Amino acid sequence: MTSVHELIRTAAQQEASRNNTVSRKPIALRATGVSSCDSGLVRDPWAIDRAPGYGPGASLDDTVPGSAPRQGPLPERYTSASDDELRQWIVAAKEQLGDRVQILGHFYQRDEIIEHADFVGDSFMLAQAAKDHPEAEAFVFCGVHFMAETADILSGPEQAVILPNLAAGCSMADMATIDQVEDCWRDLMAALDEPSREDGLQPVIPVTYMNSSAAIKAFCGRNGGIVCTSSNARTVLEWAFERGQRVVFFPDQHLGRNTAKDMGIAEELMPLWRPHLALGGNTAQQLRDARVILWNGFCSVHKRFTVAQIEKARADYPGVRVIVHPECPAAVVEAADGAGSTEYIRKQIEAAAPGDVIAVGTEINLVNRLQQQHPELTVFCLDPVVCPCSTMYRIHPAYLAWTLEGLLAGEQPNRVSVSDEVSRDSRVALERMLAARP
Ligand code: SF4
């Protein structure tokens, strides 16, 4: 059976030859049987890096904060190279660098990057891989900016963490800046001005999803708070409720809401905090009544999934099993048969019986790879429109080749460094998470 990925690739190659242009990365195209969210996805990322915004893909309409790092121009040697040349240069550089350099590849990266990765995983698994390899001099993190920061926090001070393209941020993480979070905290403290309680519970515990800046992780560490991942969010919220009357949850409202709903907390006790409004757009009473205050952030990839897509999948494939990521809206999680982290989704697919049909609500590169790895199953993305994460898309083999050859030349291009103070406080919040038990 021809996979969607192959269909897209073939369509893009046909289009490229019609236009007599070179289209090296045919991630998506409006083609027979396949539609994409933006035809600009066939352009190479260095063309997009020069324009404002995140570029085509799921984050297209999100606003990049002015403080987000930008990527400088890539030398012409890399932008004009063919796919084969780039692959050869990466393989040759990797061979010469040996164990000195480890390439970490997030599940959502394109196949042309994953083929070179020493470790493939989610953001926390990759940060752990960095921690577990003290012998490596450098890690090339093929993912997004907050992930490289977390790897820098957990790795040794002499080890360099390199992000091949600095424009690879995360639009969800960028929806909460440290200044906004500090303003929110100050306003919350004023609104929740309560006498200290005999039970010793704090008025509010800050909890941040792994998908946030190091500065916000450090803020949580300094203020009695904690970090969570999509696999341990419930355990972390239980930890927080043992210490506080309420939680303020950054930056993904959907993970926060889905987890709290699963714990039996009513939606009316989960006000949304909109950072540009006084008291986040709430009354002081709503904040006092709250159990979980949700930051108004979201993942533009997972926000695309809808209940209508699930209904269509069920109509088209009777007996289909629908599994989604908890960054999806609550109605989608409720309509699905199961929801969980990327690791949960992978395990569900590994445990499926031959012939099973599984519709998945998560990032397209991962879904296509799972189908390729499991030809005995039918695995497809709930969203019929091909729309990868714009920011993950920014890591192209040309950037990987450039960073590896830079390391070979003794340079440290695009090193991501977190200050000692921020690292120290972030580690406090990360260690609380590791110690939290269900
Ligand atoms: S998939 Fe969503 S959460 Fe993940 S990097 Fe992209 S925008 Fe951020």
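**View 1. His 106 sits in strand β2, residues 101–106.** Strands are DSSP runs of E, at least two residues long, and helices are runs of H or I, at least four; both are numbered from the N terminus. This is a predicted model: local features need pLDDT of at least 70, side-chain atom pairs count only at pLDDT 80 or more, and totals for chains, interfaces and linings use all residues. Residues are numbered from 1 along each chain as its sequence is written. His 106 is buried, with 28 other C-beta atoms within 10 Å (buried: 20 or more such atoms, placed from the backbone). Beyond four places in sequence, its contacts include Asp 122, Ser 123, Cys 142 and Met 392 (contact: C-beta atoms, placed from the backbone, within 7 Å).

**View 2. His 325 lies in the loop between β11 (321–324) and α14 (330–335).** His 325 is buried, with 27 C-beta neighbours inside 10 Å. Among its contacts beyond four places in sequence are Ser 230, His 302, Thr 342 and Gly 361.

**View 3. UniProt, in an unreviewed entry, places the feature "binding site" at ten positions, including His 106, Ser 123, Ser 230, His 325 and Thr 342.** Positions follow the numbering used here, feature names are shortened, and annotations may be inferred rather than shown by experiment.

Technical notes. A residue is buried if 20 or more other C-beta atoms lie within 10 Å of its own, exposed if 12 or fewer, and partly exposed in between; C-beta atoms are placed from the backbone. Two residues are in contact if their C-beta atoms, placed from the backbone, lie within 7 Å.
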